[in-house]
Amino acid sequence: MEAEQKSPKTRGYTLGPFQFRHGLALAPMAGNTNLAYRRLCRRFGAELTTTEMVSSRALHYNDEKSLSYLERGDDERPVAAQIFGNEPEVLASAARRVEERGFHLLDLNVGCPVPKITGCGGGSALLREPKLAAECVAAMCAEVRIPVTVKIRAGWDDENKNAPEFAAAVAAAGAQAVTVHGRTREQRYTGRADLELIRRVAAAVEIPVIGNGDIIDVASAQRMAETGVSGIAIGRGALGRPWLFTQIIAAFEGRQVPPDPEPAERAALLLELGEGVCALYGEGRGMRIMRRLSADFFHGVPGAPALRAACNSLTELSDLRSLASRIADQAGTARDERDRGGSRPS
Ligand SMILES: Cc1cc2nc3c(=O)[nH]c(=O)nc-3n(C[C@H](O)[C@H](O)[C@H](O)COP(=O)(O)O)c2cc1C
């Protein structure tokens, strides 16, 4: 008898009171993963969502703008807040603020490659200071009861890919899970995520490891799952494509993968997102955010370049409504032509 072919899948994991069946997370992305977008991804199956990174110093000093990034919906459970910094006492104080605001998990950013952050010793600069990083994690864990997790990169550069040892150091200091983006700081977002290294991290520590980098479809999610990770975090691949979570879950569960939604459904999702973003930030700021977020919704939609160009001039919710109906109309025209066998009237 032939052996049953099983689809590769993640192991799932538990953090505090939370069980993650497949461990599918939306990776934090500054400027993109606001509460409205996180809600959309959650509806399509994301089990864990995270705020964009917030400065621990700013939280420590109660900076209003930074506190505004720590928005959380009561329907969002579990949700993590992500903070960055490199001073144990300041991080502990920020951790307390996060816990007071009702977040279920707290994540330390050890991945950000931006010089403004690394220049002050935060983000991926901590990869070069595993001892200090462990002190930071220990101080945060001592201050709060919610689980503390850490998001790291493969290492600082090609010569210093220390993710397995680094993960072991923060686990020993109390971190309960680690997410690994398989690129070095030097790579920023170029090249490919190193899956072999992620496999080594998963083998090196007892705590759950969440694999991250270049997951854009079912096949890439399965390749990541094969490294032995407990969960996966999806960043850019989920921008404009929140339904990717549903597709990956179906594949992990051995069910037929649903197709991408029709353009009319995407248009409805885009509008829903725009309304959510405006409800959070007001129409002016909301539409500025939507100029960036909208463009991602047109992959494979007929007339995408013109639609993307129209995103740049979004100023009011009514502009987004007309954009959404243009998507639906163009899709309808394309479908009619297809149904007529692609022939055009002569
Ligand atoms: C625009 C943008 C903003 C990001 N902001 C954050 C952030 O605030 N915190 C963080 O840990 N990672 C951040 N990242 C990194 C992503 O979480 C993720 O690790 C990276 O994009 C690789 O995963 P992907 O290939 O699935 O996108 C950001 C990435 C992008 C593209």
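1. Helices (H or I, at least four residues) and strands (E, at least two) are DSSP runs, numbered from the N terminus. With that convention, R188 sits in the loop between β8 (178-184) and α8 (195-204). Its phi is near 50°, a positive value in a residue other than glycine.

2. Two notes on the basis of what follows. This is a predicted model: local features need pLDDT of at least 70, side-chain atom pairs count only at pLDDT 80 or more, and totals for chains, interfaces and linings use all residues. Numbering starts from 1 along each chain, as its sequence is written.

3. Back to the backbone. Most residues other than glycine have a negative phi, and most peptide bonds are trans. D214 also has a positive phi, about 70°, although it is not a glycine. It lies in the loop between β9 (209-212) and α9 (218-225). A residue is buried if 20 or more other C-beta atoms lie within 10 Å of its own, exposed if 12 or fewer, and partly exposed in between, with C-beta atoms placed from the backbone. R188 is exposed, because 12 other C-beta atoms lie within 10 Å. D214 counts as buried, because it has 20 C-beta neighbours inside 10 Å.

4. There is a cis peptide bond to check. It joins R77 and P78, with omega about 0°. P78 is in the loop between α3 (64-68) and β5 (79-84).

5. Next, a helix pair. Two packed helices are described by the angle between their axes and the distance between the axes. Helix α4 (residues 88-100) and helix α6 (residues 130-143) pack at about 35°, with axes 8 Å apart. Axes here are lines fitted to C-alpha atoms, for helices over the stretch in contact, and angles run from 0 to 180 degrees between N-to-C directions. From α4, the contact uses P88, E89, L91, A92, A95 and R96; from α6, it uses E135, C136, A139, M140, A142 and E143. Contact means C-beta atoms, placed from the backbone, within 7 Å. By class, these residues are eight nonpolar, no polar and four charged. Ala, Val, Leu, Ile, Met, Phe, Trp, Tyr, Cys and Pro count as nonpolar, Asp, Glu, Lys and Arg as charged, and the others, Gly among them, as polar.

6. Both helices pass a length check. The expected span is 1.5 Å times one less than the number of residues. For the 13 residues of α4 that gives 18 Å, and its end C-alpha atoms are 18 Å apart, which agrees.

7. What do the buried residues of α4 pack against? They pack against α2 (56-60), β5, β6 and α6. The buried residues are P88, V90, L91, A94, A95, R97 and V98. Just after α4, G102 takes a positive phi of about 90°.

8. In α6, the buried residues are A133, A134, C136, V137, A139, M140 and C141. They pack against α4, β6 (105-110), β7 (148-155) and α7 (163-172).

9. I152 is found in strand β7. It counts as buried, because it has 25 C-beta neighbours inside 10 Å. Leaving out residues up to four places away in sequence, I152 touches V110, G111, L127, A163, F166, A167, V178 and V180.

Note on methods: Contact = placed C-beta atoms within 7 Å.
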